[in-house]
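Please examine the sequence and the three-dimensional model shown below. A briefing follows it.

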Amino acid sequence: MRSEDLVAATGAGAPRRLHVLSPVFFAGTHVRRLWPLALLVLARRQLWLIVAGVVVLLVATTLEWWRRTYTLEAGALRLEEGVLARKLRVVPFDRIQQVDLVRKPLHRLLGVATLRVETAGGGRAAEVDLDVVAVGEAQALRASLLRAKAGAAAAPAEAAAAAAAPAAAAERVLLRLSVGEVMLAGITGTRAAAVLAVLGPLSQASDWFPNLSDWLLQRFDPESVAPTTPAAVVAVALIGAAVWLGLAAASSVVTDFGFTLARVEGDLVVRRGLLERREAVLPIARLQVVRVEESLLRRWLGMASIRIQSAGRTAGDDQTASRLAVPVLQRSDVNRVLGELLPEAAPVPRLLAPPPVARRRMVRRGILRAAPPIVAAGAVLWALVRPATPVALLGVPLAALTGLAAYRSLGHARRGGFLYARQGAVIRVTTVVPVAKAQSGSVRSSFFQRRVGLATLHVDVAGGGPTPKVMEEAEPTAEALLQVVIGRSATSP
Amino acid sequence: MTERTESVTAARTLDRRIVVVWTVQIAALFLVLALVALATDIGARLAGAHPPGPPGLAAVLVALVGGLLARWYPRADYRSWRYEVAEDALELRHGILRRVHSAIPYFRVQHIDVTQGPVERLVGLSQLVIHTASAGTDATIPGIAAGDAEDLRRRILARAGTGDAV
């Protein structure tokens, strides 16, 4: 009736069930999904109702567990599930993009893990979610899947044999972050930077946390703590900054503690997490785009961060392990890591700046974009400290400088099979696209760009992230790059 | 694969009937907006307010703008559109203020949708939407005669082949 016949024919493997504890985790998800019902049952405070609920839940989840099996077949992972409505899913090995191992605190306590298999163009949920399997089995299964996948790419017939072979690949650590570095990543990260930008109107914090202000008012006499002198205002601001940065550092430690980037043969391994350990494995050949990000603060500190885009998941779902990033690293390490991620892409070559007409455009655009906040600041000053209103005009040269900085960071290069593009005034992002991964491309020009002969090249790649762009380039250059992107001129300049 | 030997084709324009489709769509949109304006106007007057001008001025203005737009935009957009079924890639050029030139190599094509809106069905036009593994790919050809759309779809898919596109 099921896959036994096929398995006997191929000898790839028998259908297996998940870990015996899985029903407990199923029950957990069911309760979370049906929480109003669970709350209702608990609120009645009738023992029989609670017992009946638990029994129904246990029977249902046990049946569910009994019916859910997975099989490693010749060319695919096969899943069967469903008690009433049956579901069969077959995931061919060559479609696997990424395999993740997630261990929540409870998982770690019980020696189990969730194994997630992501495929190209998947929706929001992982294609396969084995919740839960014993850790050892999860690791073996992952190794088998990845090896079978590599085998499937080479010779489909050998995939099953490869899947059966024991795991014995050496791991080479590329980068390991200390706790201090992880904290630094949180403090200098974009979240903390955003916090710094809004530190001025700190008094509004009470609007965001109404309970906090109540709590504070109960404990402190507002008269005595209210910042009345400039020094006190500065002190409050500093304390606020310290708290925010502390929070940023702490949240960074929770998600990225023990961050390790390693290579096992052709796969990239990312391990991180304090309580919930996440381990993502991504075949290097599946990398779509690598982004090197340098915020202003990090540039001063000589640091950068790297984001890796795989085709696995659509738009940045931060809750999953598929978000692959190196939170922080020394700038001097960037080329070494880039070379491991995209062989032959490192070092980043000298980039060509866009034509000078782009400079005027960027400066003008910087001023135009800053106009509403400058006007708003002027209005606020007019209302509060009328003589200080002209101070708002200082925003204009600042905006112009930002525009100039935006122009300075623009640039592109093409070397070998890679296209490099850089942009961003405050957070400078250097995008490295393997041309062979580009799906399609377009050259776009607004009315104002056309007047000065400029255009922007968009490179469409698989996976969630932002579209890589070569901005404000001369139109013929952009058109020539488009030909490269669609694979018409493979030769390097 | 007889198409492979075929020489590179010239850029094509859309089917002229797309102008009718776009005109009807814009006209319908502005008709609704004008009716909303009229209803608001009447409602305000009944409530005792005094909007400037004679009754129905807002509705007439909205209808006027809609009329001008419906007259100008479809023709201009039609003139801006060119698509080319080249040897190795599909190339689209369009846009009035914002010009777009996109190119999609055939071997990246995952699937192609042929869709028809109600107005398009009336005049016998189809729209071709080409999908790759990237969500960013902008490849929609509006206004192809229904028969041609099916033919074009088949030709592109014949060239798409079976490459591992990711």
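Predicted model: local features only at pLDDT ≥ 70, side-chain atom pairs only at ≥ 80, totals over all residues.

Residues are numbered from 1 along each chain as its sequence is written, while chains are lettered from A and ligands numbered from 1 in the order in which they are written.

**Overall form of chain B**

- Chain B contains 4 helices and 6 strands, where helices (H or I, at least four residues) and strands (E, at least two) are DSSP runs numbered from the N terminus.
- Along the sequence, these elements of chain B are arranged as α-α-β-β-β-β-α-β-β-α.
- The radius of gyration of chain B is 21 Å, whereas a compact globule of 166 residues would have a value near 15 Å; the radius is taken over C-alpha atoms, and the globule rule is 2.2 Å times the number of residues to the power 0.38.
- The C-alpha trace of chain B spans about 70 × 30 × 30 Å along its principal axes.
- Buried residues make up 25% of the 166 residues of chain B. A residue is buried if 20 or more other C-beta atoms lie within 10 Å of its own, exposed if 12 or fewer, and partly exposed in between, with C-beta atoms placed from the backbone.

**Domains of chain B**

- Chain B is divided into domain 1 (8-13 + 83-160) and domain 2 (19-76), with bounds that come from an automatic or database domain assignment.
- The centres of domain 1 and domain 2 of chain B, taken over C-alpha atoms, are 33 Å apart.
- Domain 1 of chain B contributes 6 residues to the contact and domain 2 of chain B contributes 5; two residues are in contact if their C-beta atoms, placed from the backbone, lie within 7 Å.
- Helix H3 (residues 118-123) of chain B gives the most to the domain 1 side of this contact, with 3 residues.

**Sheet and helix in chain B**

- An open sheet of 3 strands in chain B has the order E4-E5-E6, with antiparallel pairing; two strands pair if DSSP finds at least two bridges between them.
- Strand E4 (111-115) and strand E6 (140-145) of chain B are at the edges, each with a single partner strand, so one side of each has no neighbour in the sheet.
- From one strand to the next, the twist averages 25°.
- Strand E5 (residues 125-131) of chain B pairs with E6(B) in the antiparallel sense over 4 bridges, and B:Leu128 stands opposite B:Ile141 in E6(B).
- Helix H4 (residues 146-160) of chain B lies across E4, E5 and E6 of chain B, at about 130° to E6(B). Axes are lines fitted to C-alpha atoms, for helices over the stretch in contact, and angles run from 0 to 180 degrees between N-to-C directions.

**Contact between the chains**

- In the interface, 21 residues of chain B are in contact with 23 residues of chain A.
- Strand E3 (residues 99-105) of chain B gives the most to the chain B side, with 7 residues.
- Strand E18 (residues 438-445) of chain A is joined to E3(B) by 5 bridges, and the two run antiparallel; A:Ser445 has B:Arg99 as its bridge partner in E3(B).

**Strand E11 of chain A**

- Strand E11 (residues 277-283) of chain A is mostly covered, with 5 of its 7 residues buried.
- Strand E5 (residues 96-103) of chain A pairs with E11(A) in the antiparallel sense over 5 bridges.
- Strand E10 (residues 267-272) of chain A is joined to E11(A) by 6 bridges and runs antiparallel to it.
- The hairpin of E10(A) and E11(A) has 4 residues between the strands, and A:Gly273 there takes a positive phi near 115°.

**Backbone geometry in chain A**

- Most residues other than glycine have a negative phi, and most peptide bonds are trans.
- A:Asp131 and A:Val132 are joined by a cis peptide bond with omega about 5°; A:Val132 is in strand E7 (residues 128-134) of chain A.
- The peptide bond from A:Ala346 to A:Pro347 is also cis, with omega near -10°.
- A:Glu472 has a positive phi of about 55° although it is not a glycine, and A:Glu472 counts as buried because it has 26 C-beta neighbours inside 10 Å.
- A:Glu265 has a positive phi near 50°, and A:Glu265 counts as partly exposed because it has 13 C-beta neighbours inside 10 Å.
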